[in-house]
Amino acid sequence: MARALIRRLLFGVIAVAGVVVLAFLLEFVVPGDPAKAIAPRAQSPAVLASIRAQLHLNQPLIVQFADYFGSLLRGNLGTSYIQRQSVASLIGPRLLTTGVLALAGVVAEVVIGGTLGILATLYGRVRALVSAVNLTLLAIPIFVLGLLLLLVFGFQLAVAPVTGGAGPAQLVLPALTLGLIGAPWYAQIVADQMQDSLASSYVRTAVSKGLSDSYILRRHVLRNVLSPAITMIGLDLGSYLSGVVTVEVVFVWPGIGLLAVDSLHNLDRPIVMGTVIVGAIAVVFFNLVADVLRMFVDPRTGEEL
Amino acid sequence: MTPGQPEQAPALEITDLNVRYGPVHAVRDACLTVGAGQVVALIGETGSGKSSLALAAARLLPSSAAVTGQVAIAGRDVSALGGSAFRRVRASLLGCIAQDAMAALNPVVPVGRQVGELFAVHAGMSRPQAAEAAVAALAQVEIRHPAAVARLYPHQLSGGMRQRVMIAMAMALAPPLIVADEPTTALDVSTQAEILALIGELRARMRSGFLWITHDMGVVAELADWAAVMYAGRIVEQGPVDVIFDAPAHPYTEGLLATRRDLRSGAPGAPLFQIRGSPPGPAELPPGCPFAPRCPRATATCTEVDPPLEPAGSTGGHEAACHHPGTGADQKAGAKVAAAEAGAAEAGDHLGTAGTVTL
Amino acid sequence: MPAVAAPGRRAPWTRVPAAGPGQRPARRRWPWQLIAGVAVLVVFAGLAICAPLFGNPAQQDLVHGLGPTGLPVGPSPRYPLGTDLLGRSELVRLVYGIRVSLLVALIANATSIVIGTTVGLLAGYFRGPVEQLLMRFTDIGLALPYTLAGLVIAAVLPAGMTRVIVIITVLFWSYPARLVYGEVLRLRKRGFVEAGEAMGASGLTIVRRHLAPHVTSMMIAYSPLNAASAVAFEATLSYLSAGINPPTASLGNMISDGQAAISYAPILVIAPGLAIMGLTLAFLLIGEGAKAFNPDLRRLSWLGR
């Protein structure tokens, strides 16, 4: 079990390294002169030349990369072109903000999706309704849903705040948006797994032991449903992250996603690269966490990681 | 009159049980009794209805199955009980041992907990008490280091141990009836022997009655007191095990035994005896006796009239559903009986009966 | 006499054969999802084709298009959906936006499927190191967070439809590649490839004769779902200014423009939002209907975020 985890960790490190290389290379595919980006109003070529020298832009590619990688390992993600601050200091405080939103979103999608799935399995009449809801949710792009919720709850009903910020009141709508978008997947998984469980031999054994329906659901069936749900969370992380970025833009939630998008528009490349690298690390890390969690929930997976 | 302790109510009494899955009539008019402390083997091929009968008696069939008839466990008429009422008394009346222990145990719950919940839910024990009781139950089925095993998950146990866990669960509350659905079929021969020995001991100690479903005549010979043979949804023969083995009345039973005899004692290289043909599916039952198309003794009557279950032979309780029941493999004896019957009919009624059988 | 296909597995172009002379062929019921989806799609396509008849999407009407305070005008006889913040007719822009979405769906869908199919076929047929290399790339492609990666690619390309199509193609080809690869492996297991090679057929013939029909039918059934994802993703990218930028009308950038006016002119967000949903739903329904013809696809996962 430990060996499998270490193997996963290794893959993760390689993946992050790959992302770093790609992000770095992208820098050189980008049209435009970084020196000009930093000092747009500088006219004299001497100033631009000195900026380029400072950034080692005249050195061969490998040297620049080694330089960058070296500072990366020391925790230095570079300096923003525009804001005169280190990238790390800009990203750092926002990590927690995005983390809170991400966590709230995952809870929302598991709860909403799980409830839909359980209802659809247990109550045949509800199944068609749940299918229709699922289909609708799948057809809405995340930002449209976010805006619709903002419109209805923020403006028309005035029960949610409409200005940006990171408070608990502002958390509701973005988390709900993430939750609703992810719900159909979890509903499907939960419904499938529940159907398998309910038809299984061990549920029949539980019935033969005279256990009540609600006890069986709670103590036997739900445990078996958890494992595929957690797997899904792990697999889902990449696209979930994208959703978080979009939601941050829609609701002006001051997290890493909003920072990345704004920096992209400002052509502040160091920040973009920094956020992409941090994002890659986060995905790898949480995938590992999901794997570990899954091992606790489903004892069978320990050996086959 | 079935053997067993006559003072105690029979462990199981099934009367006129019918099981239908939609248009398919899987079990027809079954009547069966398991005496207190008695082991009754229910023998049949796949599709004979034996599992349906046992599951119907245990109320473990899906709700799409239509079950009619009466079922009494330890003297209590349980067919009259509603769903939740039955659930409450279920564990103390009836234990079930399933065929595939790997599938029948919850893969994500330790086995100790799965045994313990019986005590926690039905015997009102607290969590630690139930855990101890579970360990004791595991020890009773001769699992060594029961406390350590209780913490393991089903997939970490061997097949034999899983089966022992199932037995422990079934016997936890010492119910008067245990329904076992081919519990040794999935095990290798040596494990099977161990489990059968275990059952023998437990049975001596616990006085529970067993309804043991199997298609293996060897298991029947070793374990059962009474045997009932099913074919195409009907009980076609039942009686004490030694009578069934030595002097079977129904041609199907004779066929089953002949198959086994050849396996045991046939000459090497000689072809094995086979009952030719295959059993009818529940949707394709022929008129008359369902075994007639394969029966060596079939006559015109057999294809027209479905024989009722009637006493056969001299031993009390031995019944067979056959127009031409045999008394063992002795054909001459059968012929004598037939001749005597024909003679009696002639003597008693000058009209006689046309087309009676001659063996 | 056409051979009767194996039960449960019919290539969509073979009709159910007649049972014999004098008997009518069995009538196959078209699933309602297919009919509904095609109907909606036809309506949208009609609108898109007739777009020039509606007017000029970039034309600003500073006289009648903006109210006395400079704010956009609501729905009126002259402007059935009102005007946007620059006095342009919302209806005209909507229709042009639909046209863009459909074009992107068509082209990006085709390119991503073609590339994906090629990769999958090559990997599945040639096995060995080629397979390993291609499938590693596919794995990376599958794990990428769509939106983030799209943003990064967008940073290096000039705005416009080409950029969107490139991004979608780059991010979407891995899924069909994996599907095709799996299918080719399954076909191999069934002996198609061995049989062909035993008969001395060249690689190309084997691919064409034996693998292509199954793969094609699978891709035909998959493409509506791919198209639905493409529509949604193009909208998201354009919303984040990483796709098509104004003044060219895209449903996504119409929403991002309209977001500022959401409190007093919600139609600017609702109309394009509904259009996106309608288009996506149409494709999803067609995809659902198509699954009826190819039951292997029942477990397909659909949209990314």
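## Domains of chain B

The model is predicted.

## The largest nonpolar core

The largest nonpolar core has 252 residues. Within this core, Val40(B), Leu42(B) and Trp212(B) have the most contacts. Its largest share comes from H10(A), with 17 residues. Domain 1 (12-224) and domain 2 (247-344) of chain B both give residues to this core, so it lies between them.

What does Trp212(B) touch, not counting residues up to four places away in sequence? The partners are Val39(B), Val40(B), Ala41(B), Leu42(B), Ala180(B), Leu223(B) and Ala224(B). Two of these partners, Val40(B) and Leu42(B), are named with Trp212(B) among the residues with the most contacts inside the core.

## Where chain A meets chain C

Here 31 residues of chain A are in contact with 32 residues of chain C. Several helices of chain A each supply at least two residues of the side that touches chain C. They are helix H1 (2-29), helix H6 (124-139), helix H7 (142-156), helix H10 (213-251), helix H11 (256-265) and helix H12 (269-297). H10(A) gives the most to this side, with eight residues. By residue class, the side of chain A that touches chain C divides into 24 nonpolar, seven polar and no charged.

## Ile230(A) in helix H10

Helix H10 of chain A holds Ile230(A). Is Ile230(A) buried or exposed? Ile230(A) counts as buried because it has 22 C-beta neighbours inside 10 Å, and the cut-off for burial is 20 or more.

Leaving out residues up to four places away in sequence, Ile230(A) touches Ala290(A), Leu293(A), Arg294(A) and Val297(A). Take the pair Ile230(A) and Val297(A): they are 67 residues apart in sequence. In space, their C-alpha atoms are 9.0 Å apart.

## Helix H7 of chain C

Helix H7 of chain C runs over residues 174-189 and has 16 residues. At 1.5 Å a residue, this helix should span 22 Å. Its end C-alpha atoms are 23 Å apart, which agrees.

Which residues of H7(C) are buried? They are Ser174(C), Tyr175(C), Pro176(C), Ala177(C), Leu179(C), Val180(C), Tyr181(C), Glu183(C) and Val184(C). Just after H7(C) comes Gly191(C), which takes a positive phi of about 90°.

## Confidence

For the complex, the predictor gives an ipTM of 0.77 and a pTM of 0.73. Chain C averages a pLDDT of 79, and 85% of its residues score at least 70.

Chain C includes two stretches with pLDDT below 50. One covers residues 1-27 of chain C, where the pLDDT is below 50. Beyond near neighbours in sequence, this stretch has 18 contacts in the model. Another covers residues 299-305 of chain C, again with pLDDT below 50. Beyond near neighbours in sequence, that stretch has 19 contacts in the model.

Conventions. Residues numbered from 1 in each chain as written. Chains lettered and ligands numbered in written order. Predicted model: local features only at pLDDT ≥ 70, side-chain atom pairs only at ≥ 80, totals over all residues. Contact = placed C-beta atoms within 7 Å. Helix = DSSP H or I, 4+ residues; strand = E, 2+ residues; numbered from the N terminus. Nonpolar A, V, L, I, M, F, W, Y, C, P; charged D, E, K, R; others polar. Core = buried A, V, L, I, M, F, W, Y, C linked by C-beta atoms within 7 Å. Buried ≥ 20, exposed ≤ 12 C-beta atoms within 10 Å, placed from the backbone. Domains from an automatic or database assignment. pLDDT = per-residue confidence, 0-100. Expected span 1.5 Å × (residues − 1).
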